[in-house]
Each structure stands twice: as structure tokens, then as C-alpha cells.
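Q: I want to learn to read a strand and its neighbours in a sheet. Where do we begin?
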Amino acid sequence: MKIFYDFHIHSALSPCADDDMTPNNIVNMAKLKGLDVIAITDHNSVKNAPAAMAAGESANLTVLAGMEIETAEEVHLVALFSTLESAKAAEDIIWKSLPPIQNRKDIFGNQIIMDENDDILKEVDRLLVTACSLSIDEVFNMVKGLGGIVFPAHVDRSSYSILSNLGFIPKNLNVSFVEVSKNISDINGYISGVSCLKDMKALRNSDAHTLGDISERENYIEIPCCDIGKIFDFFRQNTI
Ligand SMILES: [Zn+2]
Ligand SMILES: [Zn+2]
């Protein structure tokens, strides 16, 4: 069956996202849009994933714990995890590798952690939108070691993407999936026009920072049912 997805959504924990990107608002908007599965992928943190997963469970929407990791090369990678425990283990590693820079709310915005009722639990003081000290290689190994999926984010963008910063995709990463931003209307044309993306599959996520930007019911994967195990099987079976 076709499972309509959006695997790259920021919550109010990302300082650059709207404060009304609350767990329930995101889940309800995704339901309104007709999506079957979403992932919460805040910058370098999974602290709003538990609330979003609980909200998803109440609304019968599959929510994955994810994270948009900024590597030492200032490349954004989207990591998705099959369990909250593995997501938290990854976050612990990323947290230790983030520089101890304080967030400046007046410049970057709020970093809000919420519970499943959208009540504010606390704010994260350390700036999340910055590069960690782990390389792309190290992040790939770490995420895969925890049973997660990792793919380069918005490869077509001119900043914070693997192509803008490295100019190529290292073969040893065995990348099978790349995220192409919604600015590209002809995904297949784009992939076939960039030689190092040949044979790779494209995912199109919203990278939403506002509720209205969450994907419409347009992008899907074909799997037997919308079960987290089946979603991860899909990625593993389609891996080079
Ligand atoms: Zn990004
Ligand atoms: Zn993003």
C-alpha cells in the first residue's frame, strides 16, 4: 500500500521553527493533510519526540523519532530511529559533541520542550543550531550502529547540504536515499542530471518550520502496512 510520509519536520524545539509547532499541532496538521507517517527531526535533538509520538498514538498517526544532525562539515543529515531509546542514545552522543554555546533567543528563537498536552516543560539553553564535532562518516556509523536510517538532507540546497559543502557523496557511505527539497519539481530529472546521485532514490520531505509547510498527501513509499518495522524494512531492503 501507499504510505504518505513527511520524514523531516521541525518542532518548537528548533529555534528557527514557529513556537506553535507543538506536538499536537504538528500531528493534527499531518492528519488534516492526509499523511500516514511523519518524523520529528529537530536540530541535533530528539527532546520533543516523546510528546509527538504520544500525540501521534492518540490520533492514530505513526510518528518517528528523528533528528537533523549538523556534522563537523556543516552538512545536514536526517536520522530516523525505530525506537525512542535508540534516538535518545544518538542524542546523547550528539549532545556531547556540540559546542557549549548558549542560545540567544533574541537572535535564534526559542528552543521549547513540551509534553503530550503541548504544555511547556522547559527550554534548552544550549544552542542547537550549530555543527557538532562528528564527521559525516562518524554520524553515518553511529546512526547505523543504533539501527537507524540516515540520509543527506536537502541535497539541492546551496548551504548545509552534502553537495554544497563536499561537492560529492563519498562512496564509502553507501548512500541509497537522498532528500530533495520541494523546490525541485522534477525529482527524476534532477537526480539524473547530477552524476553522483545516479542510482540513488529521492525522498521529498517538507523540512517544515511552520504548520502550513508540512507536506501535502503527495509523497509515498510502498510497503505492506504503516508499521514502524515495515518502514525500516523498506529502507534496509532498498539500501545499496
Ligand atoms: Zn537542514
Ligand atoms: Zn530541517
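A: Begin with one pair: A39 has L64 as its bridge partner in β3. Strands here are DSSP E runs of at least two residues, helices H or I runs of at least four, numbered from the N terminus. The model is predicted; local features need pLDDT of at least 70, side-chain atom pairs count only at 80 or more, and totals for chains, interfaces and linings use all residues. Residues are numbered from 1 along each chain as its sequence is written, and chains are lettered from A and ligands numbered from 1 in the order written.

Q: How many bridges join β2 to β3?
A: In general, strands of a sheet pair through backbone hydrogen bonds, parallel or antiparallel. Pairing here needs at least two DSSP bridges. β2 (residues 37-43) and β3 run parallel, joined by 7 bridges. Between them the chain passes through helix α2 (residues 49-59), a right-handed β-α-β crossover (clockwise from the first strand over the helix to the second, with the strands pointing away from the viewer).

Q: Which way does β4 pair with β3, parallel or antiparallel?
A: Antiparallel, over 6 bridges, with β4 spanning residues 76-81. I69 has L77 as its bridge partner. The hairpin has 5 residues between the strands, and E74 there takes a positive phi near 60 degrees.

Q: Why is β3 largely enclosed?
A: Buried means 20 or more other C-beta atoms within 10 Å of a residue's own, exposed 12 or fewer, partly exposed in between, with C-beta atoms placed from the backbone. In β3 (residues 62-70), 8 of the 9 residues are buried, so the rest of the structure largely encloses the strand.

Q: What is the strand order of the open sheet?
A: The order is β7-β4-β3-β2-β1-β10, with mixed pairing. β7 and β10 are the edges, each with a single partner strand, so one side of each lacks a neighbour in the sheet.
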